[in-house]
Amino acid sequence: MASAHEALVSVSLAAGTGVLLTVVSRRMNLPTIVTLLAGGFLLGPQGLGWVQPESLGSVFPAVVSLAVGIILFEGGLTLNLREFAASSRAIRRLLTIGVLVTWLGGALVVWLIFRTEPAFALLAGSLVIVTGPTVIVPLLKRIQAAPRVASILHWEGVLIDAIGVFIAILCFEWIVGGQGGQALLNFLLRVLLGAAVGWGGGWLIQAAIWKRWVPEKMVNAFALASGILLFGISEAFLPESGLLSVTLAGLVIGWKQPIELKEIRAFKAEITDLLIGMLFILLVARLEWRQFLEFGWPGLAALALLILAVRPANVFLSTMGAGLNLREKIFLSWVAPRGIVAASMASLFALSLGAQEEPIGDPQFLETFTYSVICTTVVLQGFSAGWVARGLGLKKPQPTGWLLVGAHLFARRLAALLQKHLEVPVLLIDSNSRFVGYAKEDGLTVVQGDALEVDELMESELFQGVAQVLSLTDNAELNRLVRSQWGAKLGRYESFGWRPAASPVSSGTAPGTSLSLESPEKTEDNTGDVFVELARPSVIAGELDRREASLEVITVGKVNPGSPPLLPGLPLMIFRGGKGLPLRAGKELGESLKSEDRVLVLHRSDGFLRRGFQNGGYRRIEAEDLDGLYRRIVEVAAQDLPALSVEDTVATLQAQEKSFPSVLGKGLAFLHLYSSRIEDRMAYFFRLERGLSVMGKENQIRMVIFVISPQGDAQGHLNTLAEIARCCRQQSHLASLERAESIEEVLQLV
């Protein structure tokens with residue numbers, strides 16, 4: 001008899017190796033089941049003999065049953081009924097008509113070839129319904145199939161698990177319910193008990209979470225423990241009814257979608273990965289080469305019928321009138337690899353039936369049949385799917401699309417220009433539902449979500465065409481994180497994000513600057529930081545909304561035939577050869593520009609000072625000295641900007657005075673700074689009741705212009721300064737300003 005030590009070693013090796021092989025398979029973009037199959041055979045009695053499932057003795061079926069129950073609970077959580085309702089006609093029919101065809105077709109094949117009991121044949125047929133996502137997803141990533149067929153296969157694999165498991169459990173309940181007159185009663189009792197415990201337990205779990213009865217940090221553990229509890233309660237009343245209970249409980253919680261569902265799913269997915277890895281190593285280690293050799297020619301005939309007859313019948317019947325062409329139907333007919341769920345259910349049913357005194361059919365046959373289907377479809381279809389897709393002309397072209405993070409007006413206008421001039425798909429993502437709604441109204445493709453959830457987003461067909469990412473949020477640190485995470489997937493030179501210049505005052509470039517074509521990564525270590533001379537994207541969006549700014553794509557040769565060309569506005573991107581390159585700063589263009597290049601430029605209207613005065617205003621004040629003048633001016637501004645710190649702002653002006661004297665002469669002083677606490681530029685005109693004398697200046701200060709700009713708005717700030725210089729250049733203009741009695745008169749003079 002095996003010792004407890006052997007059991008401990010077997011479980012430890014199975015758990016550790018299972019997770020390790022799962023990591024390796026995902027890193028290499030291989031189906032997880034391939035590495036787990038190889039690991040199970042290698043470590044089991046047929047190989048090195050390190051893992052001995054028999055060492056667990058009579059506990060092994062219970063361990064497998066509980067692990068499968070937890071896996072099915074997670075499967076129920078991930079089954080989204082709303083996604084099923086919103087899916088295409090072809091997917092819905094594959095999950096209804098197609099499921100029925102595969103189930104009955106598989107059962108018919110088993111019954112005709114192996115002459116089993118009809119009920120046993122139905123159970124065997126139910127085990128090959130599912131095409132698991134753990135196999136389909138990496139396969140689709142590797143072969144790069146056309147979007148429509150890839151989407152159908154993806155959603156079929158994701159949604160069919162719970163459906164196939166439910167049917168398999170019902171078939172199993174029918175078989176274990178007994179024979180004769182009690183069979184139907186036992187079956188109905190198990191189904192009713194499982195449904196009642198699962199449905200009621202699911203409602204109680206989600207209610208406890210929704211009503212905040214469970215501490216936030218314990219929600220994940222509570223959900224897992226509750227699923228295990230429901231499994232145990234159901235099994236305590238009627239053996240073999242627990243699987244149905246946990247599947248339905250997960251389905252109810254997933255349907256109600258509590259706020260914490262995302263975290264619960266993530267936690268359960270990690271637990272499931274651990275259990276699947278351990279379970280699969282243990283289950284495969286039980287298998288013997290002999291049973292597959294004895295499967296023989298009848299087994300090969302059954303496999304051939306399933307692959308070449310049942311699956312095509314499924315696809316062609318399900319897609320009638322769904323708009324798919326013959327090539328797409330052929331490809332869907334060929335690709336249907338089975339996965340881990342089918343294997344786990346087959347082994348569990350085999351163990352449970354083997355424990356009965358007079359089981360219906362051969363329990364070992366369930367494993368042999370199911371694992372043969374899994375191995376054949378995974379190997380045969382996995383290695384040939386790429387060739388088939390290429391031969392049928394269904395290979396997806398290399399991704400060329402852009403993802404813009406942010407759906408404010410600036411991003412929406414930019415998306416429209418990218419689509420028009422580069423002729424590539426553009427996708428926007430934003431968590432702001434209002435912006436998402438505006439983007440949809442503009443006819444743009446937009447997703448409401450978190451751009452940092454890269455792995456989850458990349459599973460969606462929408463995001464698989466993304467080749468470049470541009471993050472346009474106001475949060476420079478968030479943009480950096482987006483660049484980093486997407487850069488790991490697409491390449492560091494394909495991911496960009498807005499960042500304000502490190503030294504806003506000195507980094508501005510006036511319109512009409514000569515530029516040189518360099519990739520952002522060549523200028524400094526901050527690879528992908530672009531638009532550094534630009535104000536915050538929300539500021540630009542506001543100017544676009546007020547028609548104070550505009551975006552335009554110009555052809556270099558049509559602007560200025562000279563070299564280097566003088567471009568109007570602030571250059572943002574270069575379009576060349578069907579590709580776009582966001583620029584770090586406008587001054588980076590120049591000699592390397594070609595006449596056929598197109599440049600996206602931002603025009604920001606004149607009247608910067610006027611708009612600032614409209615936001616600020618006119619005040620009469622008094623001050624005894626320069627420091628008092630600073631404080632009085634900042635106190636006035638703080639009345640309109642409560643978030644502005646008076647002490648910090650006064651200190652900034654005092655420090656700035658040492659390097660840039662504010663007194664310009666001729667009775668005028670000019671103060672200016674940046675603030676991260678404002679969205680729009682503000683300007684104030686102050687008239688001093690009594691002139692203020694300043695050491696070293698001949699004339700007293702009688703007027704003060706105070707400008708405060710959003711942090712990072714270098715171009716707008718410098719343009720405002722330029723307008724002040726033009727406005728105050730002549731003595732007559734200064735005299736008129738000094739006589740102004742209201743903001744209206746100041747605006748008229750400006």
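# Reading contacts and classes in a predicted model

Me: Where is the place of Arg 212?
Reply: The place of Arg 212 is the loop between helix H10 (182-210) and helix H11 (219-237). The model is predicted.

Me: Why is Arg 212 called partly exposed?
Reply: The relative accessible area of Arg 212 is 49%.

Me: What is phi of Arg 212?
Reply: Phi of Arg 212 is near 60 degrees, a positive value in a residue other than glycine. Most residues other than glycine have a negative phi.

Me: What is phi of Arg 115, and where does Arg 115 lie?
Reply: Arg 115 is not a glycine, yet its phi is positive at about 55 degrees. Arg 115 belongs to the loop between H6 and helix H7 (118-126).

Me: Why does Arg 115 count as exposed?
Reply: The limit for exposed is over 50%. Arg 115 has a relative accessible area of 60% and therefore counts as exposed.

Me: How do you know that the charged end of Arg 115 sits over the ring of Trp 111?
Reply: The charged end of Arg 115 is 5.5 Å from the ring centre of Trp 111. The distance limit is within 6 Å, and the charge must also be within 35 degrees of the ring normal. The pair is listed as a charge over a ring.

Me: How many salt bridges does a search of the whole structure find?
Reply: The search finds 20 salt bridges.

Me: What makes the contact of Glu 328 with Arg 148 a salt bridge?
Reply: The closest N and O atoms of Glu 328 and Arg 148 are 2.9 Å apart. The cut-off is within 4 Å, so the pair qualifies. Glu 328 lies in helix H16 (residues 326-334) and Arg 148 in helix H9 (residues 147-176), so the bridge ties together parts 180 residues apart in sequence.

Me: What makes Glu 622 and Arg 690 a salt bridge?
Reply: The closest N and O atoms of Glu 622 and Arg 690 are 3.3 Å apart, against a cut-off of within 4 Å. The bridge links distant parts of the chain, 68 residues apart: Glu 622 is in the loop between strand S11 (617-621) and helix H26 (626-640), and Arg 690 is in strand S14 (residues 682-692). Glu 622 is partly exposed at 44%, and Arg 690 is partly exposed at 44%.

Me: Which residues do salt bridges that share partners join into one network?
Reply: Arg 620, Arg 687, Glu 689 and Glu 741 are joined into one network.

Me: How many aromatic pairs does the structure hold?
Reply: There are 13 aromatic pairs.

Me: Why is the pair of Phe 114 and Phe 295 called stacked?
Reply: The ring centres of Phe 114 and Phe 295 are 5.6 Å apart and the planes are at 10 degrees. A pair needs centres within 6.5 Å, and stacked needs planes under 30 degrees apart, so the pair is stacked. Phe 114 is in helix H6 (residues 97-114) and Phe 295 in the loop between helix H14 (289-293) and helix H15 (296-318), 181 residues apart. Phe 114 is partly exposed at 23%, whereas Phe 295 is buried at 8%.

Me: What makes Phe 172 and Phe 349 a stacked pair?
Reply: The rings of Phe 172 and Phe 349 are 4.3 Å apart, centre to centre, with 5 degrees between the planes. Stacked requires planes under 30 degrees apart. Phe 172 in helix H9 and Phe 349 in helix H17 (residues 340-354) are 177 residues apart. Phe 172, at 2%, counts as buried, and Phe 349, at 0%, counts as buried.

How values were computed. Residues are numbered from 1 along each chain as its sequence is written. This is a predicted model: local features need pLDDT of at least 70, side-chain atom pairs count only at pLDDT 80 or more; totals for chains, interfaces and linings use all residues. Side-chain values use heavy atoms; hydrogens and water are left out. A salt bridge is a side-chain nitrogen of Lys or Arg within 4 Å of a carboxyl oxygen of Asp or Glu. Helices (H or I, at least four residues) and strands (E, at least two) are DSSP runs, numbered from the N terminus. Buried means under 20% relative accessible area, exposed over 50%, partly exposed in between (1.4 Å probe, protein chains only). Rings of Phe, Tyr and Trp (its six-membered ring) pair if their centres lie within 6.5 Å; planes under 30 degrees apart count as stacked, over 60 as edge-to-face and the rest as tilted.
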